[in-house]
Amino acid sequence: MADFFNGFLGTGMFEMYVEAIYLTLKITIISTLISYILGIPLGILLYGTSSVGIFPNKYVNAVVGFIVNILRSIPFMILLVMTMPLAKAVVGSKIGNNAFIFYLVIAATPFVARMVESSFLEIDAGVIEAAHSMGTNNLQLIFKVIIPESKPSLLIGSAIAITTILGYTPMSQLVSGGGLGQLAIQYGLYRFNSQAMYISSILLIILVQIMQEVLNRLAKRCDKRIRSK
């Protein structure tokens, strides 16, 4: 494999592709995890304060929903530029992989929050009412009923989120980051090496398909409706 890459694209390219795949996965997975750590509580707040939520509050819901919608409406490249001073304060730099992870988290968290809210809204109201009738408080309702019941939908949503974030990774080139996208642009586009660009793109597609398939299978295994058939 190494001889093929080095012979086809040039000496040392195999090692560069291995490093690029590692960086792409690192950026994608860390960004997704942090986005969910922040996005799940935000999604709970959006769902809980909605008119059909477990602690409705139209004012809180309106404010949080407005902020989430604003962040979701800003194109990623513009959001990246706008939050550079914040990245400098939080991660110590405006450029590099850590800064790019920060930009991805800022862009993905509102998206994740809305998907979490949507997953919770799919739960049968009868399940919530039954849990309430048994004396379940809001905290127990969230962790013992709402999240477990929405697990298949949350996993499907995570597949969408992680593949979307993976699709943004080529933009790491804008802030001197690494990964397959950076390799495709630097060695494929700038050096007119179409093979390098195509191979990088194919590897990105393979990563997307693997992640999508794994998370979809997990969602099916968690879906009681499918297992009961």
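Okay, let's start with a bend: helix α6 has a kink of about 35° at A108, shortly before the proline P110. The bend at a residue here is the angle between axes fitted to the seven residues ending there and the seven starting there. Helices are DSSP runs of H or I with at least four residues, strands are E runs of at least two, and the numbering goes from the N terminus.

Quick housekeeping. This is a predicted model, where local features need pLDDT of at least 70 and side-chain atom pairs count only at pLDDT 80 or more, while totals for chains, interfaces and linings use all residues. Residues are numbered from 1 along each chain as its sequence is written, and side-chain values use heavy atoms, with hydrogens and water left out.

Back to α6. It covers residues 97-121, 25 residues in total, and reaches 35 Å from its first C-alpha to its last. That is close to the 36 Å expected at 1.5 Å a residue, the expected span being 1.5 Å times one less than the number of residues. How many of the residues of α6 are buried? It's 19 of the 25, so α6 is largely enclosed by the rest of the structure. Buried means under 20% relative accessible area, exposed means over 50%, and partly exposed is in between, with a 1.4 Å probe and protein chains only.

Now the whole chain. The secondary structure comes to twelve helices and zero strands. Of the 229 residues, 42% count as buried. Contact means heavy atoms within 4.5 Å. Among contacts with a separation of 6 or more, residues 24 or more positions apart account for 68%.

L80 counts as buried because its relative accessibility is 4%. Leaving out residues up to four places away in sequence, L80 touches F100, Y103 and V175.

Is P75 buried or partly exposed? Partly exposed, at a relative accessible area of 46%. P75 and A107 are 32 residues apart in sequence, and their C-alpha atoms are 8.7 Å apart in space.

Over in helix α8, residues 138-149, we have I142. At 9% relative accessibility, I142 counts as buried. Setting aside neighbours within four places in sequence, its contacts are I44, I54, F55, I147 and P148. From I142 to F120 the C-alpha separation is 9.6 Å, across 22 residues of chain.

Last stop, the second largest pocket, at about 280 Å³. Of its 15 lining residues, the closest to the centre are Y36, L154, L155, S158 and L215. Two or more lining residues come from each of α2 (13-48), α6, α9 and α11 (194-222). The lining divides into 13 nonpolar, two polar and no charged residues.

The volume is the space filled by probe spheres set on the points, which are joined across faces, edges and corners. Nonpolar is Ala, Val, Leu, Ile, Met, Phe, Trp, Tyr, Cys and Pro; charged is Asp, Glu, Lys and Arg; the others, Gly among them, are polar.

Terms used:
1 Å grid on protein atoms, 1.4 Å probe; cavity = no way out; pocket = protein on both sides within 12 Å on 5 of 7 lines; lining within 4 Å.
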